[in-house]
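Dear colleague,

I am handing over to you the structure shown below. Please look through it first; my notes on what was found follow directly after it.

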Amino acid sequence: MKRTTLIHTLVLAMLVSTAVLARAQYAAYDLGTLGGTSAFPYGINIAGTVVGWSYTSGGDQHAFSYSGGHMTDLGTLGGLTSTAYGINSAGAIVGYSQITGGATHAFSYSGGHMTDLGTPGGSSSLALGLNNAGTIVGQAFTSDNSVQHAFSRSGGVWRDLGTLGGSPSVAYSINSGGTITGWSYRNGGAEHAFSYSGGVMRDLGTLGGSASDGYAINDSGQIVGVSTTAAGNLHAFSWTTGGGMIDLGTLGGLYSWADAINSAGTIVGDSIAKGGLHAYIDSGGVMTDLAPYLASIGLTGDSGARGINDNGDIVGFAMTPDGYYHSFLLTVIPEPSTVALLALGGAAWLLRRRGAF
């Protein structure tokens, strides 16, 4: 083989090897539980703090946060159960908990203290998301306890977001600009995903079926969720102002759900595949099964992804061999940089100049 041919082959091999390594790879971690059988996460912030709920050793359901390899029990508002549903960049956490007497109230948690947010007048409330400005969204009974409506709460003031004509409605996510997504029943019809901004609730439609739910929104206003198709199946969707609702497809089965999206537009959720539920990541329109990463830590059963931060780290749940569910965390393994790629090519060029080939 000519030296020039050999050097070209070696350089090409190094570049191809680097390109393969540059594909997103993850380190997988089983976050365990608070001493009980199962745990489910719902969110992760930019610092990598995970929130959700876990069974305790006594069998109660408690909100947790996970950071630095440790899962912390956030306690309750006096009742038996609590769930942490959202966390922002500053580490403020929101969720809901039973109070003494059994009703459910929204809470905020910071500085090691859980605060009862009360209700806008009815008997119960749920906090399901918040943005970096601290505006909270969720669902609460109206003052007459007749229906449940989506709400926002800022500066201690509750705002009823109304509905698309029917009841109930619920808000799941709010971005930095204050745009909210969730779902609402229409007058005489099934629920539809909505976006809410400037006091107006907008119906996002469906993928051809009767119903849709909006679950998450990023700062670009891109919304993800699930919708029935014309064939009656459930498919994950992505919605933008200019592009409308797009079917994200599945991992090969009939059903998929999109549960979270980050600022880069990377989506995570779960889909039926190979006879079970599999967590996935969708980047650039390509849906990738995350099951192999979970299998590497012994989580081989059903799984679903529930959150992704702007670093690309993913949280979700997966079944253990004994049939319970644990929270998992997938952290991005840093990719080789362009500088490293160029250095490989440069090193090969120097070797050629020095007569090594």
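The first point concerns a hairpin: strands β20 and β21 form one, with 3 residues between them. Please keep in mind throughout that this is a predicted model.

The pairing of β20 with β21 is antiparallel and runs over 4 bridges. Within it, T240 faces G244 of β21. On the other pairing of β20, strand β19 (residues 223-229) and β20 (residues 234-240) are joined in the antiparallel sense over 6 bridges. As to burial, β20 is mostly covered, since 5 of its 7 residues are buried.

These strands belong to an open sheet of 4 strands, ordered β18-β19-β20-β21, with antiparallel pairing. At its edges are β18 (208-217) and β21 (244-247), each of which pairs on one side only. On average, neighbouring strands of the sheet are turned by 35° against each other, direction ignored.

Strand β11 (residues 136-141) pairs with β12 in the antiparallel sense over 6 bridges, and I136 is found opposite R153 in β12. The hairpin of β11 and β12 has 6 residues between the strands, and N145 takes a positive phi near 60° there. β12 is also joined to strand β13 (residues 157-162) by 5 bridges, again antiparallel. R153 has W158 as its bridge partner in β13. The hairpin of β12 and β13 has 2 residues between the strands, with G155 at a positive phi near 60°.

β12 is mostly covered, with 5 of its 7 residues buried. Is S152, for instance, buried or exposed? S152 sits in β12 (residues 148-154). Its relative accessible area is 10%, and because this is under the 20% limit, S152 counts as buried. Leaving out residues up to four places away in sequence, S152 touches T135, I136, V137, V157, W158, R159, L161 and I180.

Y172 also deserves attention. Y172 lies in strand β14 (residues 165-174). Which residues is Y172 in contact with, apart from its neighbours within four places in sequence? They are Y85, L128, G129, V137, T181, G182, W183, G214 and Y215.

In soluble globular proteins, nonpolar side chains tend to be buried together. In this model, the largest nonpolar core has 16 residues, and those with the most contacts inside it are Y26, V268, I281, L290, I314, F328 and L330. Two or more residues each are given to this core by β1 (25-32), β24 (276-283), α2 (291-295), β26 (303-308), β27 (314-319) and β28 (325-333). L290 touches Y26, A279, Y280, I281, I314 and L330, with residues up to four places away in sequence not counted. There is also a second, separate core of 11 residues, which includes V51, A63, A84 and F107.

Yours sincerely

Notes:
Residues numbered from 1 in each chain as written. Predicted model: local features only at pLDDT ≥ 70, side-chain atom pairs only at ≥ 80, totals over all residues. Heavy atoms only, no water. Pairing = 2+ DSSP bridges. Axes fitted to C-alpha atoms, helices over the stretch in contact; angles between N-to-C directions. Contact = heavy atoms within 4.5 Å. Buried < 20%, exposed > 50% of the residue type's maximum accessible area, 1.4 Å probe, protein only. Core = buried A, V, L, I, M, F, W, Y, C linked by side-chain atoms within 4.5 Å.
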